[in-house]
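Start with the structure itself.

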Amino acid sequence: MALVLSILVLACIALVIGAIALLRRGGSRQQAGLMLLLAVIMAVNVAIWTLPGNGAPAPLGQELK
């Protein structure tokens, strides 16, 4: 599971860099916006799986035990 989360983080970073590059080159604003939206969604998913909430252990921590 840690490998999947690492790949998600790297993909998120790549999407943000790609969206910025697309905007600077004068590409489609809609595609760049969708890339940024997907990066945010991926980052939230990683946060959900790794951060604990309300005193409970993180979901990822439960799986590794």
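Helix α1 passes helix α2 in a left-handed crossing; left-handed means that the near helix is turned anticlockwise from the far one by less than a right angle. The contact (heavy atoms within 4.5 Å) involves residues of both helices, including L5, L8, V9 and C12 of α1 and M35, L36, M42 and W49 of α2. Its residues divide into 19 nonpolar, three polar and one charged. Here Ala, Val, Leu, Ile, Met, Phe, Trp, Tyr, Cys and Pro count as nonpolar, Asp, Glu, Lys and Arg as charged, and the others, Gly among them, as polar.

The model is predicted: local features need pLDDT of at least 70, side-chain atom pairs count only at pLDDT 80 or more, and totals for chains, interfaces and linings use all residues. Residues are numbered from 1 along each chain as its sequence is written, and side-chain values use heavy atoms, without hydrogens and water.

The axes of α1 and α2, lines fitted to C-alpha atoms over the stretch in contact, come within 9 Å and cross at roughly 160°. The helices are therefore roughly antiparallel (angle over 145 degrees, on a scale from 0 to 180 between N-to-C directions).

| Helix | Residues |
|---|---|
| α1 | residues 2-24 |
| α2 | residues 29-50 |

The chain holds three helices and zero strands, as DSSP runs of at least four residues (H or I) and at least two (E). Of its 65 residues, 17% count as buried, meaning under 20% relative accessible area with a 1.4 Å probe. The accessible surface comes to about 4800 Å², and 69% of that belongs to carbon and sulfur atoms, by the Shrake-Rupley method with a 1.4 Å probe.

Definitions and conventions
Angles under 35 degrees count as roughly parallel, over 145 as roughly antiparallel, 65 to 115 as roughly perpendicular and the rest as oblique. Buried means under 20% relative accessible area, exposed over 50%, partly exposed in between (1.4 Å probe, protein chains only).
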